[in-house]
Amino acid sequence: EEFALYAPPASLAPLQRGKEPIPLGVLKARGEVHRDGDWHRSVHVWLIDAAGRLLLQRRSVFKDTHPNLLDVSCAGHITGADGVVDTAVRELQEEIGVSLPEADLEAAWVCTLPASAEGATAQHGRFLCREYQEIFLVRCSAGFDAAALALDQGGQGEVAGVEWRDASEVAAAWASGDAGFVPRTAVYGAVLSEAIAGLDGSD
């Protein structure tokens with residue numbers, strides 16, 4: 001699996017709408033990217049229900065970053081020359097068995113957020129993950145049943161399980177540094193909270 005590399009951002013603030021990360025024209029293997037801290041791209045797709053609960057994914061114990069922690073509903077790296085929206089569509093289907101048309105994902109896009117995280121796992125060693133995260137927020141339909149999702153749990157699958165948590169609980173967990181959650185910055189939390197408020201305001 002190879003990732004396209006990008007120039008570092010000027011800051012860790014969200015990119016202005018219409019601005020794109022600057023590609024370097026280089027592909028590099030996943031393990032080397034996380035070892036060397038190269039900037040690459042990923043998608044983060046959040047699912048939220050009418051009660052304001054976010055669907056959280058528990059990451060597989062086999063993941064090379066943040067194994068067995070609660071995280072965004074669905075996430076994945078953008079590989080090679082793949083696009084942002086088609087990656088989001090594919091990852092939703094592969095990780096949690098949710099099928100959405102590209103138009104729905106395009107309408108759910110929130111922003112591009114640069115982020116940097118580092119740590120280590122017993123299985124994979126040290127990592128330095130620097131990403132341009134493409135964030136999406138999708139309102140689930142009334143008949144959405146998380147218990148019926150086809151999760152990628154086979155073999156060394158991506159997902160250990162899913163659970164609903166109130167958005168305010170997730171925000172509080174990030175703010176307190178709860179060790180059971182993948183850490184997110186205050187900027188990430190603010191971006192997601194603003195997007196959720198925008199959904200509520202459009203109802």
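Mentor: E91 is part of helix α2, which covers residues 84-96. Helices here are DSSP runs of H or I with at least four residues, strands are runs of E with at least two, and both are numbered from the N terminus. This is a predicted model, in which local features need pLDDT of at least 70 and side-chain atom pairs count only at pLDDT 80 or more, while totals for chains, interfaces and linings use all residues. Residues are numbered from 1 along each chain as its sequence is written, and side-chain values use heavy atoms, with hydrogens and water left out.

E91 has a relative accessibility of 9% and so counts as buried. The term buried means under 20% relative accessible area, exposed means over 50%, and partly exposed lies in between, with a 1.4 Å probe and protein chains only. Leaving aside residues up to four places away in sequence, E91 touches V43, C74, A75, G76, H77 and I96. Contact here means heavy atoms within 4.5 Å.

E91 also forms a salt bridge with R90, and the closest N and O atoms are 3.8 Å apart. A salt bridge is a side-chain nitrogen of Lys or Arg within 4 Å of a carboxyl oxygen of Asp or Glu. R90 is partly exposed, because its relative accessible area is 26%.

By this rule the count comes to 16 salt bridges. One of them joins E20 and R41, whose closest N and O atoms are 3.1 Å apart. E20 lies in the loop between β1 (2-6) and β2 (23-29) and R41 in strand β3 (residues 39-48), so this pair ties together parts that are 21 residues apart in sequence. E20 is exposed because its relative accessible area is 54%, whereas R41, at 8%, is buried.

R41 has a salt bridge with E134 as well, and there the closest N and O atoms are 2.7 Å apart. E134 sits in strand β8 (residues 125-139) and R41 in strand β3, so the link is between distant parts of the chain, 93 residues apart. With a relative accessible area of 2%, E134 is buried.

Elsewhere, K28, R35, D36 and D38 are linked in a network of salt bridges.
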